[in-house]
Amino acid sequence: MDVLGKHPEPFLHPDEIARVTEILDRALAQRGKTFGLGTLRFRHHDGTWAHVEGVVTGMLHIPGVGGLVVHLRDISERVRAEEE
């Protein structure tokens, strides 16, 4: 899913917006430091919720990047297996 340059809020489950926003703000304030996002629900392009885990690094100071770099990994299958 391409979310490059987009605000993350529309993709986040409403229950997780405040927590993730706090982590993103910390990443913006502490450039170069990586923060864990933990497990969260992220809206898939088809409208369903994917369970993902990831990290964010503030890279505003890096020429050619100038923003937050977020790495997410889909763990939906693992979550479904654990729930069963």
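Here are some questions and answers about this predicted model.

User: What is the order of the strands in the open sheet?
Analyst: The edge strands are β1 (34–43) and β3 (67–74), each pairing on one side only. The sheet is open, has 3 strands and uses antiparallel pairing. Reading across, the order is β1-β2-β3.

User: How many bridges join β1 to strand β2?
Analyst: These strands run antiparallel, with β2 covering residues 49–59. The number of bridges joining β1 to β2 is 9.

User: Which strands does helix α1 touch, and what angle does its direction make with that of β1?
Analyst: Find residues 17–29 first, as they form helix α1. This helix packs on the sheet and touches β1, β2 and β3. Its direction and that of β1 make an angle of about 145°.

User: At what angle does helix α2 run to β2?
Analyst: Look for residues 76–83, which make up helix α2. Helix α2 lies across β2 and β3. Its angle to β2 is about 130°.

User: Is Gly36 buried, partly exposed or exposed?
Analyst: Gly36 sits in strand β1. Its relative accessible area is 48%. Buried needs under 20% and exposed needs over 50%, so a value in between counts as partly exposed. That makes Gly36 partly exposed.

User: What distance separates the C-alpha atoms of Gly36 and Val55?
Analyst: Along the chain, these two are 19 residues apart. Still, Gly36 is in contact with Val55, as well as with Ile23 and Gly54, leaving aside neighbours within four places in sequence. The C-alpha atoms of Gly36 and Val55 are separated by 4.4 Å.

Definitions and conventions. Residues numbered from 1 in each chain as written. Predicted model: local features only at pLDDT ≥ 70, side-chain atom pairs only at ≥ 80, totals over all residues. Heavy atoms only, no water. Pairing = 2+ DSSP bridges. Helix = DSSP H or I, 4+ residues; strand = E, 2+ residues; numbered from the N terminus. Contact = heavy atoms within 4.5 Å. Axes fitted to C-alpha atoms, helices over the stretch in contact; angles between N-to-C directions. Buried < 20%, exposed > 50% of the residue type's maximum accessible area, 1.4 Å probe, protein only.
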